[in-house]
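Work through the exercises below with the structure in view. Each task is followed by a solution in steps.

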Amino acid sequence: METHYAVKIPYALGLIATRSLDEEVIGLRDLQKAHEPRIRNGMIAYEYLTKLRNGEETPENIARFNETKHDLGYGLLLKRYTDNVVDATEAQIQQAVKDSIPAVAPVFWAFRIMVGCGVVMLILFVLAFYFNARREIESKPWLLKSLFFALPLPWIAIETGWFVAEFGRQPWAISEVLPTFLSTSDLAVGDVLFSLIAFIVVYTILFIIEMYLMVKFARLGPSSLHTGRYHFEKSPELTSGLRSQNS
């Protein structure tokens, strides 16, 4: 949570984070400070929700719950540490405050890997377009090799981007309403394990088939498509005739 090196571009972070030029981008420590009173308010909301569930539907209880219900989700963050949210200790409240933002390092590095992959792909695209337009790309083996080794980059960018989206939303399954640890499935371990193994087996088989076909047809070359566009697909008679005309 410290910035050691930065490229500072005025207004750029605001556009990314808030889609605005003048809206303040709140830091993580300030967010935690803002979340603490919301957690305490959520404890009150949970208390009156419990009363309403127990049949104490008095106008006073309903009004008090309606005043605090927008912070109920923050109160539910305490469920990780105690079943009795109303009587949570100060230490438990402070732990819930820490949990109210995602862990910084995984999101920080995943985002930069995603952006780095995008920048590399953009550079390679520009270079490939330039040399291809000049009909020189065949004489640039370093570029062709770079393009080949860059094949995994789109997948890496997609996966790290997905990680940023899902891990960065922690601790919420539904923002400010439902914590992720309360939204987990109640399936048995065996059910999840069976599904996971089935996915791994099926997709491994498909991967093997795909790689076999890709290698097979890559070795055969473009002529395996039988388009007739390549000189080595033409009949020997036609080829010799063309040679006689040229000579």
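Angles under 35 degrees count as roughly parallel, over 145 as roughly antiparallel, 65 to 115 as roughly perpendicular and the rest as oblique. The model used here is predicted.

**Exercise 1.** Find how α6 and α7 are oriented to each other, and which residues make the contact.

Solution. 
1. Helix α6 covers residues 104–133 and helix α7 covers residues 141–149; their axes cross at roughly 140° and come within 11 Å.
2. The two helices are therefore oblique to each other.
3. Their crossing is left-handed.
4. From α6, the contact uses Leu124, Leu127, Ala128 and Phe131; from α7, Trp142, Leu143, Ser146 and Leu147.
5. Sorted by class, this contact has 7 nonpolar residues, 1 polar and no charged.

**Exercise 2.** Describe how α6 and α8 pack.

Solution. 
1. The axes of α6 and helix α8 (residues 153–167) lie 8 Å apart, at an angle of about 150°.
2. With the limit for roughly antiparallel set at over 145 degrees, α6 and α8 are therefore roughly antiparallel.
3. The crossing of this pair is left-handed.
4. Among the residues that meet are Phe111 and Met114 in α6, and Ile156 and Phe163 in α8.
5. The contact of α6 with α8 divides into 16 nonpolar, 2 polar and no charged residues.

**Exercise 3.** Check the span of helix α2 and state what its buried residues pack against.

Solution. 
1. Buried residues of α2 include His35, Ile39, Tyr46 and Leu52.
2. The buried residues of α2 pack against α3 (59–68), α4 (72–76) and α5 (90–99).
3. Just after α2, Gly55 has a positive phi of about 95°.

Definitions and conventions:
Residues are numbered from 1 along each chain as its sequence is written. This is a predicted model: local features need pLDDT of at least 70, side-chain atom pairs count only at pLDDT 80 or more; totals for chains, interfaces and linings use all residues. Side-chain values use heavy atoms; hydrogens and water are left out. Axes are lines fitted to C-alpha atoms, for helices over the stretch in contact, and angles run from 0 to 180 degrees between N-to-C directions. Helices (H or I, at least four residues) and strands (E, at least two) are DSSP runs, numbered from the N terminus. A crossing is left-handed if the near helix is turned anticlockwise from the far one by less than a right angle, and right-handed if clockwise. Contact means heavy atoms within 4.5 Å. Ala, Val, Leu, Ile, Met, Phe, Trp, Tyr, Cys and Pro count as nonpolar, Asp, Glu, Lys and Arg as charged, and the others, Gly among them, as polar. The expected span of a helix is 1.5 Å times one less than its number of residues. Buried means under 20% relative accessible area, exposed over 50%, partly exposed in between (1.4 Å probe, protein chains only).
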